[in-house]
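The exercises below ask you to follow strands, a helix, a core and a chain contact through a model. Try each task with the structure in view before you read the solution.

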Amino acid sequence: MKQTRFNAHHRRLGARMIEFCGWDMPVEYKGLIEEHLACRQAAGLFDVSHMGEIHVTGKDALAFVQHISPNDAARLSPGMIQYTGLLTSKGTYVDDMLVYCIHPEFYLLVVNAANTDKDFAYVVSQKGRFAVQLDNASDRYSQLALQGRQAIPVLQPLTDVPLAPMHSFTFVFGQVAGKECLVSRTGYTGEDGFEIYSLDPDPGILWDAILEKGAPLGLQPVGLGARDTLRLEAKLPLYGNDIDDTTTPLECDFAWIVKFKKGDFLGRDVLVRQKEQGLTRKLVGFELLDKGIARPHYPVYVDGAPAGQVSSGTFSPLFRKSIGLVYLPIAKTAVGTEFEIGIRDKKVKAAVVPTPFYKRNY
Amino acid sequence: MYPQNYYFTKDHEWVAVDGDTATIGISDFAQKQLGDVVYVELPEIGKHFNVHQTIGTIESVKAVSEVFSPVSGEVVEANAALNSAPETINQDPHGKAWIIKLKMKNPADLKALMKAPDYEKFLEGLAH
C-alpha cells in the first residue's frame with residue numbers, strides 16, 4: 001500500500017487506518033460524527049495527499065485543456081481555478097477535476113485518487129498533435145485541506161499569504177509553517193477553507209503546526225469517513241457513486257460546467273444533442289421519511305416499479321437523518337416527489353428534497 | 001478487558017447468563033469496528049431464535065452489522081432504550097447496551113462459545 005508523507009502522524013494520533021484506492025489512509029480519529037461536527041462548528045484538517053496532480057505544460061497547454069474539459073479555461077488568468085470534468089467522446093465522465101492556471105503555458109489538473117492512473121493514461125491518449133508535455137506529478141505532491149469557519153484564524157498566523165482577501169477558487173504561492181506551498185481557497189466540505197499543496201519531501205511540520213495552532217480553536221483531524229458525510233451534505237458529487245462513464249454533466253445537475261459557446265471539446269456534440277432532446281433522468285437529493293439509512297446501490301422504486309439504485313447515501317451527522325443522491329426519471333424529479341428505497345426486506349419511503357442539504361451561513 | 005464471566009462468539013456477540021436467561025450484546029471490539037452507531041433494529045418480544053439466526057441489525061454511519069443469536073431461545077426483553085440512544089452501544093457495549101434477553105431453549109448451546117480469555121486470544125489472532 002502507498003503511504004502519504006503524514007502517515008506516521010495519523011498513527012501517532014491513534015487513527016483507524018484503512019486501505020483506500022491502494023493508499024493506507026485514516027478513516028477516523030476520535031469518531032466520524034465528532035469529526036464531522038468539529039468541521040462544521042470550528043475546523044477540520046484532512047490529509048488528502050492521495051489525490052492526483054497532472055501537469056499540462058507547453059505552447060498548446062490552453063488549447064489542450066480546452067479540448068479535454070467542457071468548461072472554458074480561457075476565462076482563467078494565473079491564480080484562478082475552475083471545477084470541471086474530464087469527459088469521454090460520449091460526454092460522460094472519466095473523472096471530475098479542478099483546473100488551476102499557473103500561467104498560460106502551465107495548467108495543474110487535480111483529480112481523484114481513485115482515477116489518477118486512468119486519468120493520466122486518458123489525457124496522454126488525447127495528446128495527438130497538441131504541443132504539450134504531460135506529467136503525472138502525483139507522487140511528488142502532499143496535500144492538506146483545512147476546512148471550517150475557523151480556517152482563517154487557524155492558518156493566518158502560520159502563513160505570509162493574506163487569506164481573507166482571497167476569492168473562492170483562487171490560489172497563491174507562499175510560505176506555510178516555513179514551507180513553500182500552493183494555497184488555494186477550495187475544498188470538498190461546503191465550508192470555507194483552504195487546500196495546501198507542498199512538493200517538499202518532508203512536509204510533516206505542516207500537519208503538526210496547523211493542528212497545534214488550531215486545537216485551542218476546536219480544530220480536529222478528520223478522516224475519510226467524515227470527508228464523505230461532509231461532501232454529501234454539501235451535495236458535492238463523488239466519482240464512482242454519483243458520476244461515472246455512464247452519466248453526463250447535464251444529467252448530474254452540473255450543466256454550468258459545460259460552456260457550449262467556448263468551442264469544441266470532447267463529447268460536445270453528444271451533449272448538444274442531449275440538451276436539445278431534453279434529459280430523461282436527473283440527479284436529485286432525497287431524504288428518507290422513515291427510520292433507516294439508504295446506502296449506495298440500494299434499489300429504488302418509483303410508483304412500485306424498480307427504477308435504478310441509490311448513488312450516494314448516508315446518515316447526516318448534522319441533520320440526523322438519512323440523506324442521499326439518486327438519478328430519477330425526469331418526470332419524478334420535482335421537490336416533494338415521493339418514492340421508495342429497498343432497505344433489506346423493507347421498502348422505505350423517501351422524498352426528493354432541495355439541495356444542497358447544507359449551506360454555510362457565514 | 002472483557003468481563004470474565006461472559007461468553008463470546010466469533011461474530012463478536014457476548015452472552016451473560018443468569019439462570020436460564022441469556023442477556024446478549026456486542027463486544028467492545030465490534031463497536032469499535034462499527035464506529036458511531038445511529039440505529040438499532042430490535043426483534044419483537046416472543047420471537048424464537050435458533051443459534052446463529054439474525055436477531056436484528058446495528059447501523060453505524062458507515063456500516064450495517066447483523067447480530068446473530070449465540071444461543072437458541074425466546075425473546076423476553078428487548079432494550080428499547082437503544083432506540084433513542086443508539087450511541088450507548090459505543091459508550092457501554094458490555095453493560096447498558098445489552099440488546100435482548102432470551103429465555104434459553106438449550107443451555108448446552110453455551111458449550112460452543114468462548115470464555116473471555118479465549119475471546120481475547122481470538123482477537124489477538126485477528127490483528128495479524
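**Exercise 1. Determine how strand S11 of chain A is paired and whether it is buried or exposed.**

Solution. Begin with S11(A) and strand S12 (residues 193-198) of chain A, which run antiparallel and are joined by three bridges; strands here are DSSP runs of type E with at least two residues, helices are runs of H or I with at least four, and both are numbered from the N terminus, while two strands pair if DSSP finds at least two bridges between them. Within this pairing, A:Ser184 stands opposite A:Glu195 of S12(A).

Next, turn to strand S10 (residues 171-176) of chain A, which is antiparallel to S11(A) and joined to it by six bridges, with A:Gly174 having A:Cys181 as its bridge partner. S10(A) and S11(A) form a hairpin with two residues between the strands, and there A:Ala177 takes a positive phi near 50°.

Finally, count burial, where a residue is buried if 20 or more other C-beta atoms lie within 10 Å of its own, exposed if 12 or fewer, and partly exposed in between, with C-beta atoms placed from the backbone. Five of the six residues of S11(A) (residues 179-184) are buried, so the strand is largely enclosed by the rest of the structure.

A note on the source: this is a predicted model, in which local features need pLDDT of at least 70 and side-chain atom pairs count only at pLDDT 80 or more, whereas totals for chains, interfaces and linings use all residues. Residues are numbered from 1 along each chain as its sequence is written, and chains are lettered from A and ligands numbered from 1 in the order in which they are written.

**Exercise 2. Describe the hairpin that S5(A) and S6(A) form.**

Solution. The two strands run antiparallel and are joined by seven bridges, and A:Thr84 stands opposite A:Met97 in S6(A). Five residues lie between the strands, and in this turn A:Gly91 has a positive phi of about 80°. Five of the seven residues of S5(A) (residues 81-87) are buried, so this strand is largely enclosed by the rest of the structure.

**Exercise 3. Find which residues touch the most other members of the largest nonpolar core.**

Solution. A nonpolar core is a set of buried Ala, Val, Leu, Ile, Met, Phe, Trp, Tyr and Cys residues joined through C-beta atoms within 7 Å. The largest one has 116 residues, among which A:Val99, A:Tyr107, A:Leu144 and A:Leu146 touch the most other members. Strand S6 (residues 93-103) of chain A gives the most to this core, with seven residues. Leaving aside neighbours within four places in sequence, the contacts of A:Leu146 include A:Ala43, A:Leu45, A:Phe194 and A:Ile210, a contact being two residues whose C-beta atoms, placed from the backbone, lie within 7 Å.

**Exercise 4. Explain why helix H7 of chain A counts as largely enclosed.**

Solution. Nine of the 10 residues of H7(A) (residues 224-233) are buried, so the helix is largely enclosed by the rest of the structure. The buried residues pack against several elements of chain A, including helix H2 (32-41) and strand S16 (305-316). Just after the helix, A:Lys235 takes a positive phi of about 55°.

**Exercise 5. Summarise chain B and its contact with chain A.**

Solution. Chain B contains four helices and 10 strands, and 35% of its 128 residues count as buried. Seven residues of chain B are in contact with 12 residues of chain A.
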